[in-house]
Amino acid sequence: MKKSGYIIWTAAVIALSLILLGGCADGKENLSGAVYADSYEMDLHLDTEQKTLSGTADIHFTNRTDGELERVVVRNYPASILKELKKGSAEISAVTAEDGSPLSFSAGKDPSVVTVELGGQSLAPEESAVIKVTYKTDIPEVRDRFGVYREGKDEYYLLTFCFPMLSVFEDGKWNDSPYIFDGESTYSKVCDYKVRFEAPEDFLVAASGNETTTEAGVTEIKAENMRDMSIIASNNMEVQTDTAAGIRINNYTFRHPGYDWIDTYNELTMESAKESVEMFTELFGAYPYEELDVIQCADDGGMEYPGLILIGLPDVDPREGLMKGMENQGSGPTLCLLVAHETAHQWFYAAVGNDQYQEPWLDESFANYCENGIYGLAYPPALKRAIEIQEAASGQEVCLGWGSEEEVEEFLPKEPDKINQSYEAYKNNTDDYGWIVYEQGAQFLFELRKAMGDDRFFSMMREYYKTYCLKEAAGKDFVDLIHKYDDSKKVQRVIDRYIA
Ligand SMILES: [Zn+2]
């Protein structure tokens with residue numbers, strides 16, 4: 001009886017959500033046999049003197065297994081990041097039940113895996129609970145996804161992979177994939193976040209979801225249907241806002257003394273973000289959130305989070321300083337392609353989720369294909385302008401990695417590696433990881449589109465996006481869908497070339 005009530009309610013919620021989430025149904029499911037976070041409430045404090053982040057995370061969850069739930073696993077990723085970097089520590093000081101009683105917990109050999117014993121508070125099937133995790137972590141001075149970068153008095157805090165998260169229990173086990181530095185390994189389902197974030201008054205804060213400064217130094221963040229949280233804070237950042245395909249794009253850039261090229265550089269960032277959002281919306285389906293934050297950062301690559309992307313400075317020598325380094329006019333085309341790549345992850349990672357450790361190709365091959373095979377080959381105005389600027393500055397012709405369809409075809413691998421392997425297969429050779437998962441994965445999608453033809457390929461991609469938007473897909477789901485649209489021998493040959 002409870003079940004049918006749930007179904008009726010779900011139908012009503014889905015009907016409403018279809019309007020609210022740009023075509024994607026609410027992703028929060030009632031998956032039997034699993035345990036995962038239903039929502040988070042966090043109260044966080046950034047101490048820029050001590051370079052620490054501290055606070056509490058209230059984690060709401062439900063026992064969806066058919067047995068008693070006696071323990072849960074919380075991931076404390078900064079503990080393993082700092083251990084690897086040998087820079088400080090990330091300590092959980094307490095875990096308490098809803099009634100305030102303390103729960104015992106212990107970290108494993110991988111310090112990011114923390115097992116919490118529910119003791120007398122164990123949960124019967126379908127029961128829900130809240131645990132409060134109190135923690136504090138040092139923030140390392142590194143140009144990386146979790147860290148602080150300083151230049152003079154200017155500070156840029158990238159606070160990602162640094163909040164306590166409930167792991168996912170599925171197929172009889174808790175996910176314990178290790179944190180990796182040269183790729184992504186987190187796996188989570190979408191949920192809602194409510195965060196109170198305290199930072200010095202002169203800091204500008206950007207985050208996944210919608211951020212509003214409510215009082216001096218305090219930012220309230222509300223994020224719905226997101227599989228992770230990211231917070232960026234800096235005393236030298238400004239923001240420009242525009243719209244594309246009905247969503248708000250906030251371009252956060254370093255505040256600078258007005259060099260000509262930096263203005264152009266920032267324009268190229270915004271323009272390529274708008275072009276990417278428009279292209280991917282048209283080809284795959286609507287972006288599921290209200291806004292996308294595009295954040296300039298001192299890291300040397302890009303990175304994706306739900307509703308937020310980090311755009312490192314391509315070709316900038318950090319020894320020259322950020323502003324001076326950005327005067328290099330050769331970085332425009334790389335910048336536009338990087339923005340396209342990270343924006344594409346909003347479709348393939350943020351919206352359609354996957355186990356990034358077990359099946360990294362499901363987000364990286366797709367993002368790389370969108371970057372080079374869709375955005376790059378279309379030569380939209382921002383990319384063209386960036387190429388013209390670079391050619392004028394260098395006096396040399398600019399050649400993109402994927403210059404034309406003919407060039408891509410010429411360099412297709414004779415005997416490709418199998419792209420659908422776990423990160424485990426590459427951990428001793430990360431060059432292979434980049435070459436196989438990114439490049440050959442994108443070549444697979446290029447060949448697949450050629451074999452299926454544009455109509456069938458994009459109809460299939462739209463169904464894939466719609467079916468798994470705000471949910472998670474496995475490689476098998478994607479291959480099944482290809483077969484549904486095209487079971488010809490020609491397409492099967494392409495699948496057999498790349499997929500084990
Ligand atoms: Zn990527």
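These legends describe views of a predicted model.

Local features in it need pLDDT of at least 70 and side-chain atom pairs count only at pLDDT 80 or more, while totals for chains, interfaces and linings use all residues. Residues are numbered from 1 along each chain as its sequence is written.

**View 1. Overall fold of the protein chain.** The C-alpha trace spans about 70 × 60 × 45 Å along its principal axes. The radius of gyration, taken over C-alpha atoms, is 23 Å, in agreement with the value near 23 Å for a compact globule of 500 residues (rule: 2.2 Å times the number of residues to the power 0.38). Of the 500 residues, 47% are buried (20 or more other C-beta atoms within 10 Å of the residue's own, with C-beta atoms placed from the backbone).

**View 2. Domains and the contact between domain 1 and domain 3.** The domain assignment, automatic or from a database, gives domain 1 (1–30), domain 2 (37–345) and domain 3 (373–378 + 412–498). Five residues of domain 1 and four residues of domain 3 form the contact (C-beta atoms, placed from the backbone, within 7 Å).

**View 3. An open sheet of four strands.** The strand order is β5-β6-β3-β10, with antiparallel pairing. Strands are DSSP runs of E, at least two residues long, numbered from the N terminus; two of them pair if DSSP finds at least two bridges between them. β5 (105–107) and β10 (165–166) are the edge strands, each pairing on one side only.

**View 4. Pairing of β5 with β6.** β5 pairs with β6 (residues 113–117) in the antiparallel sense over three bridges. Ser-106 stands opposite Thr-115 in β6.

Notes: Two residues are in contact if their C-beta atoms, placed from the backbone, lie within 7 Å. A residue is buried if 20 or more other C-beta atoms lie within 10 Å of its own, exposed if 12 or fewer, and partly exposed in between; C-beta atoms are placed from the backbone.
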